[in-house]
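Subject: Structure for you to look at

Hello,

Please find the sequence and the structure below. My notes on the domains, sheets, helices and contacts follow.

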Amino acid sequence: MTANVIGKAIRRKEDPALIQGKGLYTDDMKMAGMLHAAFVRSPFGKARILGIDASRATELEGVHAVYTAEDVRQLGPLLAQVAIGALRPLLADGTVNHVGEAVAMVVATDRYVAQDAVDAVDVDYEPLEAVVDLEDAASDRTIANDTNASNVIHVWEVGDADAVAAARATDGAVEVSVKMINQRLIPTAIEPRSALADYNGGYGNMTLYSSSQIPHAVAGALGKTFGLSSNNVRVIAPEVGGGFGAKLNYYSEEALVTFASRELGSPVKWTETRREASVATIHGRGWVGTATIVGTGEGKILAYELDALSDMGAYTQNFTVAIPLLGQYVAPGQYDIPIHWKVQCVATNAPTTDAYRGAGRPEAIFYLERAIDAFAREIGMDPADVRKRNFFEEFPATTAAGMLMDSGDYGANLDKLLELADYQGLRRKQEEARAEGRTIGIGLSTYVEVCGFGPSALAEGGFSWASYGLPAAFNGSGLVRVNPDGTATVMIGTGPSGQGHETTWAQIVSEALGIAVEDIQVRHGDTRDSPMGIGTFGSRSLAVDGSATSQAAEKVREKAARVAAHMMEASPDDIEFADGGAHVTGSPDKTVTWAEIAEVAYQPHRLPDGMEGGMEANAVFSPANATWPFGSHLAVVDVDTTTGDVTLLEYFAMDDCGNVINPMIVDGQVHGGLAQGISQALFEHAIFDEDGNLLTGSLLDYPIPTAGDLPSFTLDRTTTPTDVNPMGVKGIGEAGTIGSAQTVLNAVIDAVAHLGVTHIDMPLRPKRVWQAIHGNGA
Amino acid sequence: MQVSLTVNGRTQTAEIESRTLLVHYLREHLNLTGTHVGCETSYCGACTVLVDGKAIKSCTMLAVQTEGAAITTIEGLANGELHPVQQGFVERHGLQCGFCTPGMIMSAVALLDENDSPSEDEIRHGIEGNLCRCTGYHNIVKSIEYAAATMRGDDPPASDWEDES
C-alpha cells in the first residue's frame, strides 16, 4: 500500500553534489563587492585593555574599517538563552577574560589584507591574574570574570542526600568513591565557522549565510540585536560541514559581520581559521568530580552520589549553564537506584563551554558507569551482573532524577551485546593472553540518553528561543507539497550538518504517498522558505520534525485520496497509494498517477464542490515527552605495559533508538559518535597553562583521531519503539558518544587493575598509562 | 607574479600575488570551491588535490610553486561518469557532512593508484593525512574497499546493510 522504503538503506540524496565538489558551504559564497573580516584576539587569559591603536591598520591599502567595543556597545552583549552569569560583549569592553576573545574587527578587500591589518592593530594590555583550574576557581581565590560576584554561577542538585546517608549506615554496605576528570574538549568540526552578511538598505533586508545548526534561532537573534522584524531577516545555513553542537550558538561574529555590512553597505564575510576555532568556538565537557557508589556485597546498589564542578569558561553563551542539567536528567542511567547528584557551574578564564555532542549526558553517564565498574571490582562481581542487578525493569519508569522514561528493555539489550561480543569467550581469551604476557582488558558501559526535545511546555523552563527573540517552543514542523508535475517538495526547519535529512525525510514522505524518493526534494536551512523550526541538535530532528513531516504527509495523502476517488468515481476509503500513484483497492489496473492527481488539484474547477485547490499541508508536532534511547557498549583493548600504549582492538555497540528509517544513516551516526567518545578516552584534551594560554590550539597538538587510530566497529541494535511520537523513533546522533568514553576507560582499567591501578584520568596517553602502572617516580 | 598551469585539463594563466596559496588560487580565482580549507597547517587534508598525479595539500603550497604543473581537483575527477572512488563513497556511506570528502577522495585516488588491492590496514594508514570528524572512518574504509574492487573489475564486498531491492 506504500512505497515500502522505511527501514531501507537508501543511498543519500545529499551525496552527488558533495562527492563532486559542488556542495556549497558558506565560505564558498561570493558576492559582488564582498569584503572580508578578520579579528584581533586577546593573547591573555585575563587583562585590562589600556588602549587600542588602529592607525597603522587603517592606513593600509584595502582596509575599509576597524571596529572596537565603542562602535558596537549599543548592540548589547551576545544574547544567551539561559542567561545566568556574565554575558559576552560583542567586542571586548575594557577587559579580556580569555585567550582568543575578540578585541577588534578589521574589514578589508580580501582575507590576506584583512590579516595584514589584524597584525597592524596595536593593543596595550595590562595582564591580570587568571584562573583556569576548576577547584582553584571554585574557591573564589581569584574571580575569573569581574562581572560575577562568585565564580560559582549556578548549582544543579537533584535527589536525596538523606537516602545516601541511610545507605551508608546499612550493615555491611560497601562504599567506593572515585575522583575523576572528564576533560575539556574542542568540538572540531572540519569546516570552521563562516558567516557572510549582506545588508540591502533599499529593501531594508538583512541576509546572513552562516554555518549554523540553528538558522531560525540566529534569525531571531539578529532581529532582536538589530531591531529588525522577521520579514527583514533571512538566515541561510547552506551545506554545513559538521556541527556537533559547536554551531548551536548565536555567535558574536555573526552579529559583527551583520553590523559591518550595514555600516559599510557591502557584503562582509568572515571565515574562521583553525587556530581561531580553537578559542572562539565553544568547547565542551570540562568536569572534575567524585562519584560514589554505596551497595551490598551482592551487587545491589543502595545509592549513587556525584559531587562535581563543571567548567563554564569566561562567558555564558547559548545553553552554557544548562548543559549540566541535561546530565542531571540522565544521572541515574538505566538504574532504579536512589541518587544525590550535585554539579556546580564554575566560571574560568577560558573559552565558553556549551553543547558538544551529548552535552552533559556523556559526562553524567561517564561518572556513573565508571563508578559502577569500580564498585563491581571492589566486591569481586562481574560488571555485567552488577548492572543487570540494578536495571529498571518496568516501564514507564520514574527515575530518582524525577524523570519519566516511557520505554526500555535494558536486560535484553545488554544480553544481546554480550552475545554479539561473545563476552565469556573474550574473558577466556583475556586469561590466555595474560598467560602469554599480553595485557588485554574488556570494558562495559550502558547508557540512557534523553533527547527528542521537546514537549512544548518545556518552553516555560527555558527550552525555547525566547531570549533570542524567537518565542517558539522546541516543536517540530514540516511542510509537504505535491507540485503540479507530481513531484513533491518537503520543507523543514531543521539545520542538518551531515545527518542525511534530505534522504530520511524523503523516505518518510515516500512511504506515506508512494511518490518515489528521487521525485522528492527536501529543503532546509533557509528561514525564508522553511516553516518555523528550531534546528538540529540533541538528537531531536527525526523524533520531532520528522514526526511533523510524517503528519503533514498524512494530511496530503488524505486529500489526495479524496481527489483520486473523485477522479475514479470510487470511495476515498478504497484508495491506496503505490508506485507513483493511487489505485482502487482490489482493482490495481484502475489507477491515476500523482501527476494526474496534481493536475486536477491545481485546477479547482475539476475538484469536487467545496474542495480547496492545491496539494500541500503543514504540521506542527509537540511530543508528549522527551525520548529515552539507550544501549550498551563493549570495548576490548590491549595495553602495552612497557610503553603505556593503548590499542583499541574491538568495539561492540548495541544501541536502541526505536524504529529505524534508514539503517545506513543510523549506523553512520553511531560510528561518528563512537569515534568522538573513544577519542575523548584516548586522545583529546584542551590543555591550558595557569595563565589561560591554550597549549593545544591547532590540530598538530589537539589530536583528533585518524583512520589509523581506530578499528572497524561491530554494531547491532535492539528495537524498542517509543509511543511519544507517531513513528516510534527516538534519536541516534549522540548515542555513540554517550556510551563510549567510559567503555574504553573501563577496558583499560580492567587490563591493568591486577597491577594495582584503580583509575587513570582521560585521555589515556601512553605517558599517563605508563605512570599509572609504574608509579610517577619510577 | 604570473603563473601558468593546467587545472582539470584546462590551461590557466593568471597574474597573482606571490603569497597566494594554491588553495586560494583554486577557490577564489578559479571558483573551484570543492577544495576546502579545514586547518591551514597541512594536517586535516580537506585541501588535498593532485599535482602531477600526487596527492598534495594545497593550503601550504604557493600557487606559483605549481608553475607548469597539471592539477586535478575534485571537480575534475568525474569524467562523464563518476570516478569509482566517488561511487564507492555513495554506495558505502563514506560521507556525512561532506566537508572532508573532496580531499579524502583525492587521497584515496592517489592511494589506489599506487596499490590496487590495499588491506584495511593499508587503507587506514594511507588516508592518515585526511581527517574526518563525522564517520569514524568505518564507512570511508568500506568505500575505498568498494572502489578498489570495482577498479580491479571484482565484485565489491557486501555492504553492512540489507540493500533496498
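Two strands count as paired if DSSP finds at least two bridges between them. Strands (E, at least two residues) and helices (H or I, at least four) are DSSP runs, numbered from the N terminus. With that in hand, β18(A) and strand β28 (residues 630-640) of chain A run antiparallel and are joined by 10 bridges.

This is a predicted model, in which local features need pLDDT of at least 70 and side-chain atom pairs count only at pLDDT 80 or more, while totals for chains, interfaces and linings use all residues. Residues are numbered from 1 along each chain as its sequence is written, with chains lettered from A and ligands numbered from 1 in the order in which they are written.

Angles here run from 0 to 180 degrees between N-to-C directions, and axes are lines fitted to C-alpha atoms, for helices over the stretch in contact.

Contact, here and below, means that the C-beta atoms of two residues, placed from the backbone, lie within 7 Å.

A second open sheet of four strands, again with mixed pairing, has the order β23-β22-β21-β27 (chain A). Its edges are β23 (520-523) and β27 (616-621) of chain A, each with a single partner strand, so one side of each is left without a neighbour in the sheet. Neighbouring strands of this sheet are turned by 15° against each other on average, with direction ignored. Within the sheet, strand β21 (residues 476-482) and strand β22 (residues 488-492) of chain A pair in the antiparallel sense over five bridges. Val480(A) is placed opposite Val490(A) in β22(A). α16(A) lies across β21, β22 and β27 of chain A, at about 35° to β21(A).

Two helix pairs

Two packed helices are described by the angle between their axes and the distance between the axes. For angles, under 35 degrees counts as roughly parallel, over 145 as roughly antiparallel, 65 to 115 as roughly perpendicular and the rest as oblique.

Helix α16 (residues 541-568) of chain A packs against helix α17 (residues 594-601) of chain A at an angle of about 95°, with their axes 10 Å apart. The two helices α16(A) and α17(A) are therefore roughly perpendicular. Ala560(A), Val563(A), Ala564(A) and Met567(A) in α16(A) meet Ile597(A), Val600(A) and Ala601(A) in α17(A). By class, the residues of this contact are seven nonpolar, no polar and no charged. Nonpolar means Ala, Val, Leu, Ile, Met, Phe, Trp, Tyr, Cys and Pro; charged means Asp, Glu, Lys and Arg; the others, Gly among them, are polar.

In chain B, helix α2 (residues 84-91) and helix α5 (residues 138-152) pack at about 135°, with axes 8 Å apart. This makes α2(B) oblique to α5(B). Residues of α2(B) in the contact include Pro84(B) and Phe89(B), and those of α5(B) include Ile144(B) and Tyr146(B). The contact of α2(B) with α5(B) has seven nonpolar, four polar and one charged residues.

Domains and chains

Domain bounds come from an automatic or database domain assignment. For chain A, that assignment gives domain 1 (31-128 + 191-241 + 247-280), domain 2 (284-452 + 625-774) and domain 3 (482-621). The centres of domain 1 and domain 3 of chain A, taken over C-alpha atoms, are separated by 41 Å. In their contact, 16 residues of domain 1 of chain A meet 13 residues of domain 3 of chain A.

Chain B is assigned domain 1 (2-75) and domain 2 (84-152). Their centres, over C-alpha atoms, are 21 Å apart. Domain 1 of chain B gives 14 residues to the contact, and domain 2 of chain B gives 11 residues.

Between the chains, the contact takes 46 residues from chain A and 50 residues from chain B. On the chain A side, α1 (15-19) and α18 (663-682) are the elements that give two or more residues. α18(A) gives the most, with eight residues.

Regards
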